[in-house]
Amino acid sequence: MGKPTRDMFDPKIFLAKVGTGKTILEFHKNQHVFEQGDVADTVFYIQRGKVKLTVVSEQGKEAVVAILEPGQFFGEGCMNGHPLRIATTTAIEDCVITSITKDAMIAAIQDEPKFSELFMTYLLTRNSRIEEDLIDQLFNSSERRLARLLLLLANFGKEGSPQPISPHISQETLAEMVGTTRSRVSHFMNKFRKLGLISYNGHIEVHNSLLSAVLHEKPLLRERD
């Protein structure tokens, strides 16, 4: 006898196919997936492309909260009872995204242990990242925050080789994520390049020397704002 169907369940295949409560959507660069204040009743999963999360304050100030990549969920706040979106999500390059209704998410979590494990791993990883970001904002200079952000965007610490950073991620976006000005980001980027920590070739390539500088808190990263 073959293995039960449940043992054959692959959450990545499940997320890549249209099904009950699931839709495969395509978004072009700069197109919103949803906007702050929209009704929250769907979770999204990125198959291809990158998405940025932005929040606008009552005073109209905008901040980039995160850059999301393939394999990540977003919009999961609806699972916790949030009736409205608390952020705007925008494609920063052409994307293929799976839309999953709240009911379909609940059913998959309850019925498929492998899917539940995938989603829980994402939530725990995201929570750890948020805690690290908070510590970074409280204790590090904008130069060190930028260095750490570049390492994260290049996927240092993940399986496989570090990846070039997409040219679609502008210095304005980096500045919003770091919490500083574009001119400061430009100054630090030029400094990193001259020191051989990064290089430009149509995109940003981050070198291991930047990781070493951050881990060992070398003087070049101790300049305060």
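**Exercise 1.** Find which elements the buried residues of H7 pack against, and state which residues of H7 are buried.

*Solution.* The model is predicted, with local features needing pLDDT of at least 70, side-chain atom pairs pLDDT 80 or more, and totals for chains, interfaces and linings using all residues. Side-chain values use heavy atoms, without hydrogens and water, and numbering runs from 1 along each chain as its sequence is written.

1. Helices (H or I, at least four residues) and strands (E, at least two) are DSSP runs numbered from the N terminus.
2. Buried means under 20% relative accessible area, exposed over 50%, with a 1.4 Å probe and protein chains only. In H7, Leu210, Ala213 and Val214 are buried.
3. Seen down the axis of H7, these residues fall within an arc of 95 degrees (taken from the directions from the helix axis to the C-beta atoms), so they line one face of the helix.
4. Asn208 and Leu215 are exposed on the other side of H7.
5. The buried residues of H7 pack against H4, strand S9 (198-200) and S10.

**Exercise 2.** Describe the largest nonpolar core and list the contacts of leucine 146.

*Solution.*

1. A nonpolar core is a set of buried Ala, Val, Leu, Ile, Met, Phe, Trp, Tyr and Cys residues joined through side-chain atoms within 4.5 Å.
2. The largest one has 27 residues, and Leu146, Leu150, Leu174 and Val206 have the most contacts inside it.
3. Among the elements that each supply at least two of its residues are helix H4 (142-153) and helix H7 (208-215). H4 gives the most, six residues.
4. Contact means heavy atoms within 4.5 Å. Leaving aside neighbours within four places in sequence, leucine 146 is in contact with Leu174, Val178, Val185, Phe188, Met189 and Phe192.
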